[in-house]
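Reader: I am new to this structure and would like to learn how to read it. Could you take me through it step by step?

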Amino acid sequence: MSTKRVPPAIEGIVVLLVAVLGISAPLFGSSFFVNFVLTRTLILGIAAASLIFLSAYGGMVSLSQFLIAGVAAFAVGNAVTTSGNGLHLGWNPWLGMVTAIALATIVAVIFGALSSRTTGIYFLMLTMTFSVIGYYFFSQVTTFSGAGGVSGVRPPPVFDKHPSRIYYAALVLSALTYAGFRYVIRSPFGLAMQGVRDDPVRMAALGFNVSLHRTIAFAFAGFVSAIAGVLYVWWNGQIDPKSIAIAPTLSLLIIAVIGGISRLEGAWLGAFTFVAANSYIRLIPLVDKIGITPSRFNTLIGALVVLIMVLSPEGLVGIFSRRPSKQTFKK
Amino acid sequence: MSAEIVSSRASSGTLHKPKRTLASTVSRSVGVAALALVLLWVLIFARGTSAEPAIRNPGEFLVTLLDGLTLAGLLFVVASGFTLIFGLMRTVNMAHGSLFLLSAYVAIDVQQKMVGKARNIEASDVNIASWVLPLFAGAFLAAVVGLFTHFIFLRWNQGQDLRQALLTIGISVILADQMLARFGGLAQKMSWPGAVTHFIKIFGRRYAVSRLFMLALAIVLGFALWFWLNRTRMGMVIRAGVDDQPMVRALGINISLVLAVTFFVGAFLAGIGGVMGASFAGAATGVDGQWLLNSLVVVIIGGLGSIKGAVAGSLLYGIVVSFAASYLPSDYTFYSIILTFALLALVLSVRPQGLFGKAP
C-alpha cells in the first residue's frame, strides 16, 4: 500500500468535521461560494479522484479522465436538448444521464483496452493523445457539437427548485465516490490491481490477467469520471470543446498533483485549492503589485506545480504525511 | 544493442507471449485487410470525395501525396527532437510544443524587425537572410530555454520519468501563459523568403515550392542528424548512452556534457520546426498543444527514442492526415481526426511499443 495509515479515531473526526461543514455550507457560505466555488470543487474533485485512483493504486497516470467526463457531458447535451448544436434528441434528462454514463464507460473500456499494455510515461502520453484527439473530434464534428459546443442543457426538474440542490448532489456523489473507491481498493480486485501496479510480471506469473485488470480499473474510473461529466453539464448548462481542451485536461492532473497524487483525499483538497485560488486571487491585497493578476493565473499554477514537483511530489497531502511514499514517482 | 533487446524481451515479453501472439495475429490480419481496403478506396472507389479516385485523377493523388510528405517533413523535424531527448534521458519533454511556439513567436518578431514592417509583410520583402536569421534566433532561444530546463529542473531527477513529465507540464503551462501575455492571442504568420514562394505545375496543378522547400530542409536536417549520430564520436557516445548509460559513465566519458548537448539539439530541432511551422501555418495560442500532440502521435506510432521510428511515424501520420482531408466523402471530411485515432489504435494493437520501439 502506498498510503500511510492514519489512526482511525483521527480519521473519523476529520470525516465527521468535513461532513458537517459540507452539509451546513449553504447556511453560512455566500451563494457564490456554495454554488460556484464548492460545487465546482466537488465536481472537479470527483474527476480528479478517478485520476488519483488510477495513478495511486493502478500505476496508471491517466490524462483521459477529463475527456471521458466530456464524452458524458456531450452525450447528455446531445440527448436532452431540443434545439441548437448537436443531435438535440429531446430525451428525458434521466434517460440522457444513463445513456451518457453508459456511453462514456464504453469509451473508457476502449481506451483502457488500447492502453492497458503500456505503463508509466507511455500510458500518460497515450491517454493525453486520446484526450487531445477527443478535443479535436468534438470541435470538428458538427454532428455532435462543433466549436460552439452544446448549450441550453437543463438538469432534471428536481434540481430546478433551488441552486444548492446541485451542490448537495455533488456532495453526496463525492462521498459515494470516495467510499466506493476505498471499498474497491480494499476488495480482492483492488488488491490485485495494486499487485499489478507493483509487479506486473509476477502477477502475470501468478495467473492474473494483467491487461484485463488494468482495463477494468480504467473502465471503473471512467464510470466515475462520467458521473462528474454529467454533474458538470447539469451545473454549467452547457459544454463546449474548449472545456476539454489540453489546458483543462492538464489542469485536472495539476489538481491531483497539488492535492497529492497518492491519496484519494488529495483530489478534493487539490480541487478546492485550485478553484479557490482561481476565484479569490484578486482579493489578496497587493497581489497585483508583484505582477500576479487573475489573467496570469496559469503562470501561478504552473509555478506551483513546478514547486511541488521539486519539493514534495506528494503534494499538499504529503505535507501531513510523515512517511511519504514515492511509489508513483519511482521508475 | 542486440543484447539489450534480447534481455528486455526476456524480462517483459515472455509471460504474455502466448496471448500476445494470438492477439497480434488477429490484429495483424485486421491491419492488412484495413490497409488493402484503404488502398482500393483511394485508387478506385473514392467517388463523391473532393479528390475523386486516383485512377481518374492522378494529379490530385500526387498532390495529396506530396502534401503528406511535406507535412511529414515538418513532423519529423519536431518529433525527432522529442525522441532524441527521450532516447538518451528517458525524459518526456511535455514542454516540447511550448519550445516550438516560443521559437515561432521570436522568429516572427525578429523577421518583423529585419524587414522593418510590423504587418503585411509580402514574400517579396523577405530575402533569404531575413528568414534564416530569425530561424536561428528562434531556434537558439528555444534551445537555451530547453537547456535551462534541463540544468535546473531535470538533471538531478533522472529516472523519475513521471516527476519529470509533470515538471515539464508545469513549465509548459507557465510558458504558454507568458507567451499569451507577451505576444497576444492573435494568430501571427511568418513569411517564407521570396525565393521559394512561387508555384510549379504538377499534372496541371499548381504546387507551392515553399512546401517542397520545407521537405528539402527536413531531409537535410534528417541527414545531418543521421550523420551526427552514426558518423561522429559524440553520436557514438549518445548511441552507447541510449543503451547503457552507467557503462558509458564508467568508461570515463563526460556524459553530463553529452546529455546537455543532446537536450540542446532536441530543443533546437523543436525551434527549427517552430519557425517552419510558423511560415507554413502561422503561430497562435494553442499551437503549442497541437504540436505536442503531433510529436506524441509520431513517437507513439514510431516508437519512443528511435530516430528511424520518428521517420516512419511522421510519414504514416503525415500521409494519413493529408489523405483523410481529400479522400473522405465530402460530407464527412470533419471525421478525419478519427482516422488519426484509428491509425494509433491499429499500431498499438499490433505493436504496443510502436513500430521501432523497444519493449518498455
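Author: Gladly! Let us start with confidence: pLDDT is the predictor's confidence in each residue, from 0 to 100. It matters here, as this is a predicted model.

Reader: Where in chain B is confidence lowest, and where is it highest?

Author: The lowest mean, 38, belongs to helix H1 (residues 2-12) of chain B, while helix H5 (residues 129-154) of chain B has the highest, at 94. In chain B, residues 1-18 have a pLDDT below 50, and this stretch makes 13 contacts in the model beyond near neighbours in sequence. Where pLDDT is low, the predicted coordinates should not be read in detail. Over chain B the average is 84, with 92% of the residues scoring at least 70.

Reader: And what does the predictor give for the complex?

Author: An ipTM of 0.83 and a pTM of 0.86.

Reader: How many residues of chain B are in contact with chain A?

Author: There are 38, and they meet 40 residues of chain A. H6(B) brings the largest share of chain B's side, 15 residues. By type, that side of chain B has 27 nonpolar, eight polar and three charged residues.

Reader: How should I read a helix, say H2 (residues 31-58) of chain A?

Author: Begin with its span: the 28 residues of H2(A) reach 38 Å from first C-alpha to last, close to the 40 Å expected. Then look for bends: H2(A) has a kink of about 25 degrees centred on A:Leu38.

Reader: Why is H2(A) described as largely enclosed by the rest of the structure?

Author: Because 21 of its 28 residues are buried. After H2(A) comes A:Gly59, with a positive phi near 65 degrees.

Notes. Residues are numbered from 1 along each chain as its sequence is written. Chains are lettered from A and ligands numbered from 1 in the order in which they are written. This is a predicted model: local features need pLDDT of at least 70, side-chain atom pairs count only at pLDDT 80 or more; totals for chains, interfaces and linings use all residues. Two residues are in contact if their C-beta atoms, placed from the backbone, lie within 7 Å. Helices (H or I, at least four residues) and strands (E, at least two) are DSSP runs, numbered from the N terminus. Ala, Val, Leu, Ile, Met, Phe, Trp, Tyr, Cys and Pro count as nonpolar, Asp, Glu, Lys and Arg as charged, and the others, Gly among them, as polar. The expected span of a helix is 1.5 Å times one less than its number of residues. The bend at a residue is the angle between axes fitted to the seven residues ending there and the seven starting there. A residue is buried if 20 or more other C-beta atoms lie within 10 Å of its own, exposed if 12 or fewer, and partly exposed in between; C-beta atoms are placed from the backbone.
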